[in-house]
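The tour goes stop by stop.

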Amino acid sequence: MQFEVWAPQTDRVTLVCDGATRAMERDPERAGWWTGEAEAHEGSRYGFALGDGPVLPDPRSRRQPDGPDGLSAVVDQARYAWRTPWPGRPLPGAVLYELHVGTYTPEGTLDAAAERLDHLAELGVTHVELMPLCPFPGRHGWGYEGVSLWAVHEPYGGPEALKRFVDRAHELGLGVVLDVVHNHFGPSGNHLPAFGPYLTDTHHTPWGAAVNLDAPGSDEVRAYLVGSALAWLRDFRLDGLRLDAVHALIDTRAYHFLEELTAAVDALAADTGRPLFLIAESDLNDPRLITPRAEHGLGLQAQWNDDFHHALHTALTGESQGYYADFARAPFAALAKTLGGGYFHDGTYSSFRGRSHGRPLDRSRTAAHRLLGYSQTHDQVGNRAQGDRLSAALSPGLLACAATLVLTAPFTPMLFMGEEWGASTPWQFFTDHTDPELAEAVRRGRRREFAAHGWAEEDVPDPQDPATRDRSCLDWAEREREPHARVLAWYRQLIALRHTHPDLTDPDLADAKVAYDEDARWLAFRRGDVRVAVNLGKEPAAIPLGTRPARVLAAWEPVQEPDDRGVLHLPGESSVVLEQA
């Protein structure tokens with residue numbers, strides 16, 4: 001079997017495979033690359049020794065059975081027999097569901113999660129968005145401190161478990177999206193710097209030295225990241241990738257890394273005949289991110305839209321701290337602006353940043369599905385001191401209003417696991433660092449961060465305490481109890497409406513017409529012949545919808561059709577979807 005590794009900073013590389021050693025030779029065609037052959041089979045353990053150093057795992061390892069610091073294992077990608085032919089499922093018209101494997105079930109494995117996929121098919125979502133799966137030290141964590149970017153965390157089940165999960169999802173008609181992290185490597189178990197200049201001091205990020213996208217040696221680093229992305233899509237038959245915090249990818253080259261990545265993914269889509277897509281997390285509010293390359297953009301298919309979340313959150317909760325401040329001044333106006341224009345900060349002043357921020361979307365050229373809308377995500381829940389969901393503070397009626405706005409808005413909707421039944425379980429920040437010093441630093445840093453916002457240390461969960469992860473696991477029995485069962489039925493009804501009424505997936509952002517009353521706390525908007533109204537106030541609201549006859553498609557509380565003056569009388573903390581003739 002042929003082995004190869006990029007290691008430009010050493011004069012000697014030794015391949016160690018199943019205990020046998022063999023000197024590798026320089027590849028005369030590729031600078032910095034070394035090649036060698038050894039007898040190997042599925043599961044063979046191997047690694048590379050650089051000079052007189054220890055044996056290290058393969059940077060492109062496809063499996064780390066003993067964690068990031070252990071030897072790599074050979075994986076035969078052709079060994080798995082796929083059961084389900086899959087033509088792919090594109091992003092337009094999608095409803096996404098963000099899922100963390102380690103807390104979706106108490107078992108915290110891909111196989112256990114696969115057994116619960118029928119719930120998502122019955123719910124009506126179209127794609128599962130898995131939080132990161134790359135190996136990290138310990139058993140439990142969010143996944144954003146992963147290393148070995150081509151491998152699957154072994155406690156989740158390893159690579160074959162992911163294939164079984166994808167196969168089952170496709171069998172149920174569900175696409176699968178994976179969250180990948182290219183903006184930094186985890187602080188523990190990262191051996192990449194020993195092999196080459198994967199990091200650079202030319203730029204700095206919140207995690208320290210930046211991933212090397214534009215300094216000497218960056219051609220190979222970019223190829224490493226692009227190759228990893230393509231491997232997930234090709235070898236595991238994934239339908240798309242979510243790219244974490246792309247604003248932290250610092251690249252001054254004329255050909256931006258994201259443009260290179262989108263071109264490679266589009267080429268793979270053409271080669272496989274399956275629609276593939278990339279979704280960015282970005283706080284830049286820069287339309288170029290989701291503008292096609294042919295129109296001088298970077299070519300990603302979509303991005304998370306935190307502005308919609310922030311406007312919705314402030315309208316629902318009244319919170320005004322931190323980045324919520326600008327939205328909280330007039331939350332219904334902010335919500336109306338995002339519903340009709342995508343971004344709230346589109347060149348406006350951001351008090352949180354102390355400067356103007358963003359750039360307007362061209363609504364005539366940007367399809368609405370290119371923005372993801374949501375009321376909760378792993379970030380927005382888990383980065384609160386106690387990981388409390390909206391269900392901890394809001395009535396079932398207000399949870400229903402949030403669902404109505406997310407699932408009838410112009411954007412591609414995304415749910416965070418458990419929100420569909422108003423889960424009462426928190427989703428807290430948890431780690432399982434095996435390095436005691438790192439574990440203590442994370443613990444202290446977390447408590448220090450929230451102490452600055454008035455939290456007592458004892459009220460901030462210890463990330464290293466196994467109970468913190470256990471509290472974050474979904475309680476599946478809740479689905480059958482009230483008010484959770486009623487909330488779940490409402491989500492199912494709204495998702496079904498989205499699939500059966502084309503106006504709700506119309507890509508024209510400019511077609512969304514919004515009206516609101518900041519003081520009375522109601523908002524209504526039009527999408528084609530569909531009318532949506534939410535009343536976040538406690539008192540009934542009289543909402544003018546126009547004189548065209550309308551029939552009720554779905555209502556949280558019993559409601560009459562608009563009167564002969566076109567006025568809808570909507571109970572407090574309630575929402576309704578109507579269709580006008």
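Does Glu573 count as buried or exposed? At 17% relative accessibility, Glu573 counts as buried; buried means under 20% relative accessible area, exposed over 50% and partly exposed in between (1.4 Å probe, protein chains only).

Some ground rules come next. This is a predicted model, in which local features need pLDDT of at least 70 and side-chain atom pairs count only at pLDDT 80 or more, while totals for chains, interfaces and linings use all residues. Residues are numbered from 1 along each chain as its sequence is written, and side-chain values use heavy atoms, with hydrogens and water left out.

**Backbone stops**

Stay on Glu573. Its place is the loop between strand 26 (567-570) and strand 27 (574-580). Helices (H or I, at least four residues) and strands (E, at least two) are DSSP runs, numbered from the N terminus. Check the backbone: phi of Glu573 is near 50°, a positive value in a residue other than glycine. Most residues other than glycine have a negative phi, and most peptide bonds are trans.

Select Arg237 next. Arg237 is not a glycine, yet has a positive phi of about 55°. Look for Arg237 in the loop between helix 6 and strand 14 (240-243). Arg237 is partly exposed, with a relative accessible area of 27%.

Now pick Glu482 and Pro483. The peptide bond from Glu482 to Pro483 is cis, with omega near 5°. Pro483 sits in the loop between helix 14 (466-471) and helix 15 (484-500).

**Helix 4**

Select residues 158-171, which form helix 4. How far apart are its end C-alpha atoms? They are 20 Å apart, which agrees with the 20 Å that its 14 residues should span at 1.5 Å a residue. The expected span is 1.5 Å times one less than the number of residues.

Colour helix 4 by burial. It is mostly covered, with 10 of its 14 residues buried. Among the buried ones are Leu162, Phe165, Val166 and Ala169.

What do the buried residues of helix 4 pack against? Show helix 2 (110-114), helix 3 (117-123), strand 10 (127-130), strand 11 (175-180) and helix 6 (218-235). Just after helix 4, Gly173 takes a positive phi of about 85°.

**The nonpolar cores**

Select Leu120, Leu130, Trp232 and Leu241. These have the most contacts inside the largest nonpolar core, which has 143 residues. Apart from that core lies another, of 12 residues, among them Ala524, Ala541, Ala550 and Val559. A nonpolar core is a set of buried Ala, Val, Leu, Ile, Met, Phe, Trp, Tyr and Cys residues joined through side-chain atoms within 4.5 Å.

Zoom in on Leu130. Leu130 touches residues including Leu162 and Phe165, and also Val176, Val177 and Leu178, not counting residues up to four places away in sequence. Contact means heavy atoms within 4.5 Å.

Select His203, in strand 12 (residues 199-205). His203 is buried, with a relative accessible area of 15%. Leaving out residues up to four places away in sequence, His203 touches Gly208, Ala209, Ala210, Asp214, Ile250 and Thr252.

Jump to His433, in the loop between strand 20 (412-416) and helix 13 (436-451). His433 is buried, with a relative accessible area of 15%. Its contacts, not counting residues up to four places away in sequence, are Leu438, Ala439, Val442 and Gln464.

**Cavities and a pocket**

On a 1 Å grid over the protein atoms alone, a cavity is a set of points where a 1.4 Å probe fits but cannot get out, and a pocket is an open set with protein on both sides within 12 Å along at least five of seven lines; lining residues have an atom within 4 Å of a point. Points are joined across faces, edges and corners, and a volume is the space filled by probe spheres set on them.

How many cavities of 30 Å³ or more does a search of the whole structure find? It finds six. About 80 Å³ of space lies in the largest cavity. Its lining includes Pro57, Asp58, His191 and Phe195.

Finish at the second largest pocket, with a volume of about 300 Å³. Select Met1, Tyr46, Arg60, Arg62 and Trp150, which are among its lining residues. Strand 1 (residues 2-6) gives the largest share of that lining, three residues.
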